[in-house]
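This report describes the fold of one protein chain and the surroundings of selected residues. The sequence and structure are shown first.

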Amino acid sequence: KALYAFYSGFGLPAYPEDGVPSDAALPYITYTIVQPDYIDSAVHQARIWYQSDSYAGVNAKADEIISAVGRGLLLPAGDGAVCLRPGTPLAQHMPIEGKPEIKIVYLNFQLNAYHTQGV
């Protein structure tokens with residue numbers, strides 16, 4: 001829920017990577033669902049999908065998300081929080097062979113879970 005709330009806050013529909021409706025129209029954001037434990041971080045990705053002749057719109061949306069995460073962003077989640085931090089490489093274009101009109105920026109983050117229950 002925390003990731004959905006975060007990615008839905010950028011003016012585009014947001015879907016788990018494996019839950020994009022068959023009738024979804026571009027642009028939209030997809031994201032992976034990971035379950036890190038409270039000690040180790042997990043790799044988390046988001047993809048921004050646009051249909052356009054240029055990368056201007058998708059790059060602007062990527063910059064908006066990257067700016068919101070900054071050096072680290074704590075998102076409330078259940079009885080704790082998750083922290084998104086920039087990963088490496090932070091952003092890259094991901095072309096789809098045979099579909100040059102589809103523009104995708106792939107974002108990499110590190111995700112940590114923090115539990116506050118009993119603290």
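Which side chain of opposite charge is nearest to Lys103, and how many Å away is it?

## Lys103: a buried charge without a salt bridge

In this predicted model, the nearest side chain of opposite charge to Lys103 is that of Asp53, at a distance of 6.3 Å. Because a salt bridge requires a side-chain nitrogen of Lys or Arg within 4 Å of a carboxyl oxygen of Asp or Glu, Lys103 has no salt bridge, although it is buried.

Lys103 belongs to strand S6, which covers residues 102-115. A polar atom of its side chain lies 2.5 Å from the backbone oxygen of Pro100. When neighbours within four places in sequence are set aside, the residues in contact with Lys103 are Ile48, Trp49, Tyr50, Ser52, Asp53, Ser54, Tyr55 and Val58. Asp53 is thus both a contact of Lys103 and its nearest side chain of opposite charge.

## Overall architecture

The protein contains two helices and six strands, and their order along the sequence is α-β-β-β-α-β-β-β. Its radius of gyration is 15 Å, close to the 14 Å that the globule rule gives for 119 residues, so the protein is as compact as a globular protein of that length. Taken along the principal axes, the box filled by the C-alpha atoms is roughly 50 × 30 × 25 Å.

Of the 119 residues, 38% count as buried. Among contacts with a separation of 6 or more, 57% are made by residues 24 or more positions apart.

## Strand pairing

Strands S2 and S3 run antiparallel and are joined by four bridges. Within this pairing, Ile29 has Ile48 in S3 as its bridge partner. Ile48 is also among the residues in contact with Lys103. Eight of the 10 residues of S3 are buried, so this strand is largely enclosed by the rest of the structure.

Strand S4 (residues 73-77) and strand S5 (residues 80-93) are likewise antiparallel, with five bridges between them. Pro76 has Ala81 in S5 as its bridge partner. Two residues lie between the strands of this hairpin, where Gly78 adopts a positive phi near 55°.

## Salt bridges

The count of salt bridges in the model comes to two. One of them links Arg47 with Glu17, whose closest N and O atoms are 2.7 Å apart. Arg47 lies in strand S3 (residues 42-51), whereas Glu17 is in the loop between strand S1 (14-16) and strand S2 (28-31), so the pair ties together parts that are 30 residues apart in sequence. Arg47 counts as buried because its relative accessibility is 14%, while Glu17, at 29%, counts as partly exposed.

Another salt bridge is formed by Glu64 and Lys61, with 3.2 Å between the closest N and O atoms. Glu64 and Lys61 are three residues apart in helix H2, and therefore about one helical turn separates them. Glu64 is partly exposed, with a relative accessibility of 36%; Lys61 is buried, with a value of 13%.

At 14% relative accessibility, Tyr106 counts as buried. Apart from neighbours within four places in sequence, Tyr106 contacts Gln45, Ala46, Arg47, Leu90, Ala91, Gln92 and Met94. One of these residues, Arg47, is the salt-bridge partner of Glu17.

## Ile66 on helix H2

Ile66 is placed in helix H2, which spans residues 56-69. With a relative accessibility of 23%, Ile66 counts as partly exposed. Residues up to four places away in sequence not being counted, Ile66 touches Leu90, Ala91 and Leu107.

From C-alpha to C-alpha, Ile66 and Leu107 are 8.3 Å apart in space, with a sequence separation of 41 residues.

How values were computed: Residues are numbered from 1 along each chain as its sequence is written. This is a predicted model: local features need pLDDT of at least 70, side-chain atom pairs count only at pLDDT 80 or more; totals for chains, interfaces and linings use all residues. Side-chain values use heavy atoms; hydrogens and water are left out. Buried means under 20% relative accessible area, exposed over 50%, partly exposed in between (1.4 Å probe, protein chains only). Lys and Arg count as positive and Asp and Glu as negative; His and the chain ends are not counted. A polar contact is a pair of N or O atoms within 3.5 Å; within protein, one must be able to donate a hydrogen and the other to accept it, and residues adjacent in sequence count only if both atoms are side-chain atoms. Contact means heavy atoms within 4.5 Å. Two strands pair if DSSP finds at least two bridges between them. The radius of gyration is taken over C-alpha atoms; the globule rule is 2.2 Å times the number of residues to the power 0.38.
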